[in-house]
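Here are my notes on the model you sent over, written as numbered points. Have the viewer open while you read.

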Amino acid sequence: SLALGVHGLPLMGTGDWNDGMNRVGNEGRGESVWLAWFLCSVTQSFAPLAKARGDTARAEKWLSARDGWIQALHTHGWDGEWFRRAFFDNGAPLGSSSNAECRIDLIAQAWSVLSGASTDTFKQSAMQAMTQQLIDTETDAGAGLLRLITPPLEKSENNPGYIQAYPKGVRENGGQYNHAAVWAMMAQAQTGDAQAAWESLRAMSPAHRSQHPTRGPAYELEPYVMAGDIYGSAPYTGRGGWSWYTGSAAWLYRAALETLLGLKVRQGELSVSPSVPAEWPSFEVTLKLDSSDTRVVTVRWQRGDVAVGDGVKPDRVLKAGEVVLLAELPERALVVVQSKD
């Protein structure tokens, strides 16, 4: 994975996360912008583990490669207002303003945030472009979608692969591909736009979409399981595809708990850093770990004594982001988290 192309980015081969882009680098020279973001995250996480086991040389090699990827991402990977998606074997860009089709790709923008490897200036521009070009907001007359790419691929001379064989708006070819849409939602929350993240969750949630007065009838899938994708082009805009898609379901569940509600349990420590809409006065989570049963109630900031609706006094009162050791709590504990947001 450390092999680089002429732009200093990782080689894409016959696909990265998007296996439908299997002809971008099939000759061995194409490069992936998204993979560079992903590897920035992976090496940053794994380097401490290598160092802890005495493998300092490997860790230093990873981190040196990370520095190179970051440099390449913000030069060759940057299109002026957003991040490109890839470079073909012949050096032509994909996910660029110079492309008539697939001008912008969702995950290249989202992972500039999730990777922790970019700067505020670049991230703000990338997220703004993502919002403007790929996302239908709640006020739009559209289907409320987070499209993976736009415009869909149909006649691109540089054929990126079998993604172009899908009809326009279906699956990765311009539909809402829920696995990737979750990453976009997480990026929205991490950049402080809790309201947009909540709207994105409702765009993915089968329960919320099925209950919508206009989107529900178009969806045509079960309201209790995740779809792989939601079609993004007429005449099937808003229709769900590939039902019972467990990968998307797992990511949405994790993002809802860890990113929106902000619940984190790490090595015996509990903290809550919520990113929820301003109109939410509170929320509650029951956390079951081993023999413990911890009730976590998050409320807007209050002065004086804190008690939940049933009048029970909490065992601990925390500020958002404050850490408590689970071992210090009773088996049936009540933890109240005060959020200023």
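The points below go from ground rules to the pocket, the cores and then the sheets.

1. Ground rules. This is a predicted model, where local features need pLDDT of at least 70, side-chain atom pairs count only at pLDDT 80 or more, and totals for chains, interfaces and linings use all residues. Residues are numbered from 1 along each chain as its sequence is written, and side-chain values use heavy atoms, with hydrogens and water left out.

2. The largest pocket. Its volume comes out at about 450 Å³. A pocket here is an open set of points on a 1 Å grid over the protein atoms alone, where a 1.4 Å probe fits, with protein on both sides within 12 Å along at least five of seven lines; lining residues have an atom within 4 Å of a point. Volume means the space filled by probe spheres set on the points, which are joined across faces, edges and corners. There are 13 lining residues, and Gln 190, Arg 254, Glu 258, Lys 264 and Arg 266 are the closest to the pocket centre.

3. Who builds the lining? Helix 3 (106–114), helix 5 (178–190), helix 9 (246–260) and strand 9 (263–266) each put in at least two residues, and helix 9 has the largest share with five. Helices (H or I, at least four residues) and strands (E, at least two) are DSSP runs, numbered from the N terminus. By class, the lining splits into six nonpolar, three polar and four charged residues. Nonpolar covers Ala, Val, Leu, Ile, Met, Phe, Trp, Tyr, Cys and Pro, charged covers Asp, Glu, Lys and Arg, and the others, Gly among them, are polar.

4. The largest nonpolar core. It holds 66 residues, and Trp 17, Ile 107, Leu 148, Trp 183 and Met 185 have the most contacts inside it. Helix 5 gives the most, nine residues. A core is a set of buried Ala, Val, Leu, Ile, Met, Phe, Trp, Tyr and Cys residues joined through side-chain atoms within 4.5 Å; buried means under 20% relative accessible area with a 1.4 Å probe, protein chains only. A second, separate core has 15 residues, including Val 285 and Leu 329.

5. Leaving out residues up to four places away in sequence, Ile 107 touches Trp 17, Trp 34, Arg 85, Leu 148, Ala 180 and Trp 183, a contact being heavy atoms within 4.5 Å. His 179 lies in helix 5 and counts as buried at 17% relative accessibility. With the sequence neighbours up to four places away again left out, His 179 touches Trp 17, Ser 248 and Trp 251.

6. Sheet 9-10-14. This open sheet has three strands with antiparallel pairing; two strands pair if DSSP finds at least two bridges between them. Strand 9 and strand 14 (324–325) are at the edges with a single partner strand each, so one side of each has no neighbour in the sheet. Strand 9 pairs with strand 10 (residues 269–272) over four bridges, and Lys 264 has Ser 271 as its bridge partner.

7. Sheet 6-7-8. Here too the sheet is open, with three strands paired antiparallel. Three bridges join strand 7 (residues 227–230) to strand 8, while strand 6 and strand 7 pair over two. Ile 230 is worth a look: its bridge partner in strand 8 is Gly 240, and Gln 176 stands opposite Ile 230 as well.

Technical notes. Buried < 20%, exposed > 50% of the residue type's maximum accessible area, 1.4 Å probe, protein only.
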